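User: Please take me through the fold shown here, one point at a time, and state what each term covers as it comes up.

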Amino acid sequence: MKLLRTIAGAVCLLLSLSAHAADPAESYPDRQIRIVVPYPPGGFNDTLGRTAAEYLGTHWKTSVVVDNRPGGNTLIGNTIVARAAPDGYTLLVTPLPFSALPGLYQDKMPYDAVKDFAPVIWAGSTQNALVVRADSKYKTVQDVIDDARKNPGKINYASTGSGSSNHLSMALFDSMTGVKMTHIPYKGSAPAVTALLGGDTDMLFDNVPNVYPQIEAGKLRALATTGLKRSPMLPDIPTVDESGVRGYEVTVWFGIQAPAGTPKPIVEKLNRELGRMLQDPAVRERFAKQGVQPVGGTPEQFAQQVSTEIKKWGDLIQRADIKIQ
């Protein structure tokens with residue numbers, strides 16, 4: 001009997017040690033982590049990648065590098081991560097346009113936006129602002145709607161590219177108000193704002209931090225912002241919803257994902273550490289300077305956000321017959 005108890009105890013110990021050794025999160029990370037940013041250096045996507053790299057590298061005492069892979073409307077960087085080994089050593093900075101790509105490219109997508117990724121955390125969100133030149137005849141959102149109805153297709157608006165949050169903000173605006181304006185895409189926020197200031201376009205939806213300096217300098221006038229609540233950076237500016245387009249909302253979100261199949265314990269470990277990062281005062285201040293509010297939450301909550309946004313923008317793209325330009 002004593003022998004049987006000894007054997008049983010040894011078996012339990014071996015099973016316990018085996019389970020412990022089988023937990024991939026126990027030894028993770030034990031080598032360099034790469035964070036792919038599908039944009040060039042500069043802007044909040046790059047800030048998020050570099051902030052996460054610095055924080056994880058410091059707290060986990062490991063090497064974390066940022067790999068900027070711009071191009072292909074972010075498809076290049078996204079595809080790299082979709083095809084990477086699902087081991088937690090390749091991560092992807094993911095902003096709102098990620099959710100529009102399936103609708104824009106449809107069967108030409110090089111990956112499945114849901115099945116090929118494992119959401120880790122919703123890192124932050126901001127708003128877009130509808131801006132015009134300071135000398136524009138448009139003083140309110142209703143002014144824009146009224147003129148667009150009288151002159152269909154004659155009002156031009158800039159964006160930072162097809163499928164960008166700027167483009168989608170106006171496409172949603174057009175759809176909800178029944179107007180039609182002409183889309184002129186540019187390769188980034190700076191040239192889009194320059195075109196607006198130069199009179200080449202009539203208006204622009206852009207991330208609040210991108211246009212805030214021109215608003216403060218009196219060069220641009222903000223007509224509205226895209227959240228259901230007013231932007232902390234522009235508290236005196238009404239939302240599009242407040243301006244009469246009821247239910248209008250565009251949340252410009254940013255997150256981090258891993259390749260599908262990444263072990264759940266590793267995803268959860270990343271989520272916990274990045275969640276702590278989002279509570280760090282220095283990180284929150286860095287985000288605030290770019291007009292971004294930290295969010296956080298579980299991987300499941302971010303997965304739901306991505307799924308909801310893919311459907312929202314896919315439906316709009318189909319309804320409005322939006323094409324890549």
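**Helix packing, domains and backbone**

User: Is the crossing in which α7 passes α12 left-handed or right-handed?
Analyst: This is a predicted model, in which local features need pLDDT of at least 70 and side-chain atom pairs pLDDT 80 or more, while totals for chains, interfaces and linings use all residues. Residues are numbered from 1 along each chain as its sequence is written, and side-chain values use heavy atoms, without hydrogens or water. Helices (DSSP H or I, at least four residues) and strands (E, at least two) are numbered from the N terminus, and a crossing is left-handed if the near helix is turned anticlockwise from the far one by less than a right angle, right-handed if clockwise. By that convention, the crossing of α7 with α12 is left-handed.

User: How are α7 and α12 oriented to each other?
Analyst: Between α7 (residues 165-177) and α12 (residues 299-320), the axes come within 10 Å and cross at roughly 60 degrees, an axis being a line fitted to C-alpha atoms over the stretch in contact and the angle running from 0 to 180 degrees between N-to-C directions. Angles under 35 degrees count as roughly parallel, over 145 as roughly antiparallel, 65 to 115 as roughly perpendicular and the rest as oblique. The angle therefore makes α7, relative to α12, oblique.

User: How are α3 and α10 arranged, and which residues of α10 meet α3?
Analyst: Helix α3 (residues 44-60) packs on α10 (residues 264-279) at about 105 degrees, with the axes 10 Å apart, and the two are therefore roughly perpendicular. The α3 side contributes L48, T51, A52, Y55, L56, H59 and W60, and the residues they meet in α10 are K269, L270, E273, L274, R276 and M277.

User: Which residues of α11 make the contact with α10?
Analyst: The axes of α10 and α11 (residues 281-289) lie 5 Å apart, at an angle of about 70 degrees, which means that α10 is roughly perpendicular to α11. M277, L278 and Q279 of α10 are in contact with α11 through P281, V283, R284 and F287.

User: What area is buried between domain 1 and domain 2?
Analyst: An automatic or database assignment sets the bounds, giving domain 1 (31-126 + 252-320) and domain 2 (127-243). Their centres, taken over C-alpha atoms, are separated by 26 Å, and the contact takes 15 residues from domain 1 and 14 residues from domain 2. In domain 1, T126, V252 and L316 lose the most area, together 35% of what that side buries. Summed over both parts as the accessible area (1.4 Å probe) lost on being put together, with carbon and sulfur atoms giving 70%, the buried area is about 1100 Å².

User: What is omega for the peptide bond from Y28 to P29?
Analyst: P29 sits in the loop between α2 (24-27) and β1 (33-37). The bond that joins Y28 to P29 is cis, with omega near -5 degrees.

User: What is phi of T74?
Analyst: T74 belongs to the loop between β2 (64-68) and α4 (75-82). Although T74 is not glycine, its phi is positive, near 80 degrees.

Conventions: Contact = heavy atoms within 4.5 Å. Buried area = accessible area lost by both parts, 1.4 Å probe.
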